[in-house]
Amino acid sequence: MAGRILIIGACGQIGTELTLKLREIHGNDQVIASDIREGAQELMESGPFELLNATDEPHIREVIAKYEVKEVYLMAAMLSATGEKAPMKAWNLNMDSLFHILHLGKEGIIDKIFWPSSIAVFGPTTPKNDTPQITAMEPTTVYGISKQTGERWCEYFHRKFGVDVRSIRYPGIISYKTLPGGGTTDYAIEIFHEALKNSEYTSFLAKDAALPMMYMDDAIKATVDIMEAPAEKVKVRSSYNLSAISFTPEILAEEIKKHISDFKIYYDPDFRQSIAESWPSSIDDSAAREDWGWKHEFDLEKMTSTMLEGVEKTLKENAK
Ligand SMILES: NC(=O)c1ccc[n+]([C@@H]2O[C@H](COP(=O)([O-])OP(=O)(O)OC[C@H]3O[C@@H](n4cnc5c(N)ncnc54)[C@H](O)[C@@H]3O)[C@@H](O)[C@H]2O)c1
């Protein structure tokens with residue numbers, strides 16, 4: 001391929017698995033991982049790694065020149081629950097890092113950008129069920145405000161300067177290889193660890209808090225698919241709605257009980273419940289399906305059995 005790929009925030013929940021998938025597709029040396037901290041052994045040992053702060057523009061430019069990078073995946077961000085504890089820090093990280101990368105696109109130094117948005121762009125005035133692609137967006141978290149603003153800037157840089165920036169609004173992402181980074185949907189990962197360790201879990205969301213979710217493999221597939229799609233097929237240049245599964249803590253607990261019959265769930269909602277209440281329960285992603293052929297593979301049953309197997313394996317390896 002012409003030019004290499006740089007992933008910023010590569011050691012996080014999504015970045016780790018995305019880096020490994022892109023290395024599998026393009027070759028280990030073609031994909032440069034970077035983060036402010038070191039990550040999982042497999043990621044660190046499988047290809048190049050740079051310690052890089054997403055807000056340090058001169059250093060980003062240096063790394064891009066060093067490796068002749070042409071494609072950037074900007075995964076560094078402060079997420080919804082953590083962002084509420086440090087609003088200005090979240091805003092500065094989420095916005096500054098995006099501007100640095102958009103300007104590199106505008107200057108023609110890089111050819112293609114992936115920047116993830118989130119269901120957090122929606123708010124209490126958004127229709128809750130089958131949320132449309134274009135709808136009311138009045139986010140109430142600093143994270144959601146930063147993602148909504150980011151979407152507007154992505155579209156602006158595309159329209160005004162022809163920057164090839166592509167984006168999807170990830171729902172809650174469920175995975176077992178890397179722990180989640182402080183989001184409102186993290187309960188749907190913790191529950192598997194606690195079910196296998198203690199046969200019980202206390203959810204920080206209420207039992208009927210329905211949220212859109214997706215298994216990691218589907219999220220990675222969507223990311224690869226939108227980046228590989230011909231430019232003219234990517235018609236939405238703010239960010240695409242993306243959907244797979246929608247469930248409540250109670251429904252997920254019932255599914256887990258099919259595998260662990262004595263599993264018990266308790267509820268003790270905290271500040272994250274009000275964030276969850278402001279988000280959609282399910283998403284209409286027909287634009288992504290029509291424009292670039294998005295299709296999910298993991299339903300609730302398949303996701304649950306894959307998670308239980310994966311977490312069990314991880315717990316056994318950690319115990320060795
Ligand atoms: N995980 C989800 O459920 C979810 C849902 C919607 C959107 N997203 C978005 O996807 C992207 C990746 O999310 P994630 O879940 O992997 O997050 P994460 O918190 O697990 O990972 C983020 C990574 O960024 C790194 N980072 C933090 N500050 C940095 C800085 N200044 N410079 C460089 N790296 C820095 C962290 O060390 C971490 O490894 C984010 O933009 C997030 O908003 C995630």
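Is Lys295 buried or exposed? Lys295 is exposed, because 12 other C-beta atoms lie within 10 Å. The scale behind that word calls a residue buried if 20 or more other C-beta atoms lie within 10 Å of its own, exposed if 12 or fewer, and partly exposed in between, with C-beta atoms placed from the backbone. Lys295 sits in the loop between α11 (286–292) and α12 (300–319). Its C-alpha atom is 8.3 Å from that of Ala244, although 51 residues separate Lys295 and Ala244 in sequence. Helices (H or I, at least four residues) and strands (E, at least two) are DSSP runs, numbered from the N terminus.

Before going further, a word on the model. It is a predicted one, in which local features need pLDDT of at least 70 and side-chain atom pairs count only at pLDDT 80 or more, while totals for chains, interfaces and linings use all residues. Residues are numbered from 1 along each chain as its sequence is written.

Let us start with the overall layout. The protein is divided into domain 1 (4–173 + 214–241) and domain 2 (175–212 + 244–319), with bounds that come from an automatic or database domain assignment. Taken over C-alpha atoms, the centres of domain 1 and domain 2 are separated by 23 Å. Their contact takes 43 residues from domain 1 and 37 residues from domain 2, where two residues are in contact if their C-beta atoms, placed from the backbone, lie within 7 Å. On the domain 1 side, α1 (13–26), α4 (80–85), β9 (172–174), β11 (211–215), α8 (216–228) and β12 (240–241) each supply at least two residues. The largest share of that side, six residues, comes from α8. By type, the side of domain 1 that touches domain 2 divides into 20 nonpolar, 14 polar and nine charged residues. Here Ala, Val, Leu, Ile, Met, Phe, Trp, Tyr, Cys and Pro count as nonpolar, Asp, Glu, Lys and Arg as charged, and the others, Gly among them, as polar.

The UniProt record, in an unreviewed entry, lists residues 5–241 as "domain: NAD-dependent epimerase/dehydratase". Over residues 5–241 the chain is 43% helix and 18% strand, and the end C-alpha atoms are 25 Å apart.

Now to the ligand. Both domain 1 and domain 2 give residues to the shell around the ligand, so the ligand lies between them. Of the 27 residues around the ligand, Gly9, Gly12, Ala54, Ala77 and Gly181 come nearest; a residue is near a molecule if its C-beta atom, placed from the backbone, lies within 6 Å of it. α1 and β9 each supply at least two residues of this shell, and α1 gives the most, with three residues. The shell divides into 14 nonpolar, 11 polar and two charged residues.

Ala76 is found in the loop between β4 (69–74) and α4, and counts as buried because it has 23 C-beta neighbours inside 10 Å. Leaving aside neighbours within four places in sequence, Ala76 is in contact with Ile8, Gly9, Ala54, Leu93 and Ser97. The C-alpha atoms of Ala76 and Leu98, 22 residues apart along the chain, are separated by 9.4 Å.

What about the interior? In soluble globular proteins, nonpolar side chains tend to be buried together. A nonpolar core is a set of buried Ala, Val, Leu, Ile, Met, Phe, Trp, Tyr and Cys residues joined through C-beta atoms within 7 Å. Of the 92 residues in the largest nonpolar core, Ile7, Ile8, Val72, Leu74, Met75, Ile113 and Ile174 touch the most other members. Domain 1 and domain 2 both give residues to this core, so the core lies between them. Not counting residues up to four places away in sequence, Ile113 touches Val72, Leu74, Ile101, Gly105, Val163, Asp164 and Val165.

Finally, two backbone details. Most residues other than glycine have a negative phi. Glu68, which is not a glycine, has a positive phi of about 50°. Glu68 lies in the loop between α3 (57–67) and β4, and counts as exposed because it has 9 C-beta neighbours inside 10 Å. Ser199 also has a positive phi, near 60°. Ser199 lies in the loop between α7 (187–198) and β10 (200–203), and is partly exposed, with 13 other C-beta atoms within 10 Å.

Methods
UniProt positions are given in the numbering used here, feature names are shortened, and annotations may be inferred rather than shown by experiment.
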